[in-house]
Amino acid sequence: MSGDYKYCPLCGTKLILEDIKDEGLIPYCPNCKQLYFPHFNVACSMIIKYDNDVLLIKQYGGNDYILVAGYLKRGESAEEAAIREVKEEVDLDVNKLKVLKTKYFSKSNTLMINVLVEVNNKNVKLNYEVDNYSWFGIKEALDKIKPNSLALEFYKNFYTGFYNND
């Protein structure tokens, strides 16, 4: 059965698949008359920019450079989460931000929201989640981000827009 539930979380009745116009087969409780749409995580991934440099990090013992990222908290917008995660992980204040692209990432059942954030300085202070960091030129960063990663896909989207004055 598709979705997150096999049984109704309210009454315990076994869910059935109901064909909902334009939605497809959705788990449904015939007792409570409640639909249960699939659940997924939501996270943001930030391209941190200062002038013509971008910040990349290494995290959790990994050897590859990636983007700062983090999950949204309940009730938090993507913009609020981006500002909070940048402050928490690298202690930088965001001056400006723009949502660039979204993509569902099946490995972690997560909707990823890529955000460009501009900061007012390069004075990074790492928290416990980040092992290392480096600032790279915008073009140079293309060769530094983990190959075949969603971070690189997001960065290529940014890079193309940056040089096309998007």
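Colleague: How many residues does helix α2 have, and how far does α2 reach from its first C-alpha to its last?

Modeller: Helix α2, residues 150-163, has 14 residues and reaches 20 Å from its first C-alpha to its last, close to the 20 Å expected at 1.5 Å a residue, where the expected span is 1.5 Å times one less than the number of residues. Helices here are DSSP runs of H or I with at least four residues, and strands are runs of E with at least two, both numbered from the N terminus. This is a predicted model, in which local features need pLDDT of at least 70 and side-chain atom pairs count only at pLDDT 80 or more, while totals for chains, interfaces and linings use all residues. Residues are numbered from 1 along each chain as its sequence is written, and side-chain values use heavy atoms, with hydrogens and water left out.

Colleague: Which residues of α2 are buried, and what covers them?

Modeller: The buried residues of α2 are Leu150, Ala151, Leu152, Phe154, Tyr155, Phe158, Tyr159 and Gly161, where buried means under 20% relative accessible area, exposed means over 50% and partly exposed lies in between, using a 1.4 Å probe and protein chains only. Their cover includes β4, β5, β7, β8 and β9.

Colleague: Switching to α1, is glutamate 85 buried or exposed?

Modeller: Glutamate 85, which is found in helix α1 (residues 78-90), counts as buried because its relative accessibility is 6%.

Colleague: And what does glutamate 85 touch?

Modeller: Leaving aside residues up to four places away in sequence, glutamate 85 touches Met46, Val68, Ala69, Gly70, Tyr71 and Val90, with contact meaning heavy atoms within 4.5 Å.

Colleague: Which other residues of α1 are buried, and what comes after the helix?

Modeller: Besides Glu85, the buried residues of α1 are Ala78, Ala81, Ala82, Arg84, Val86, Glu89 and Val90, and their cover includes β4 (41-50), β5 (53-59), β6 (68-71), β7 (94-105), β8 (110-119) and β9 (130-137). Aspartate 91 follows α1 and has a positive phi, near 55°.

Colleague: What about the whole chain, how many helices and strands are there?

Modeller: The protein chain has 2 helices and 9 strands, running β-β-β-β-β-β-α-β-β-β-α from the N terminus on. Its C-alpha trace spans about 60 × 35 × 30 Å along the principal axes, and buried residues make up 38% of the 166 residues.

Colleague: How much of the contact set comes from residues 24 or more positions apart?

Modeller: Such pairs account for 57% of the contacts in the protein chain with a separation of 6 or more.
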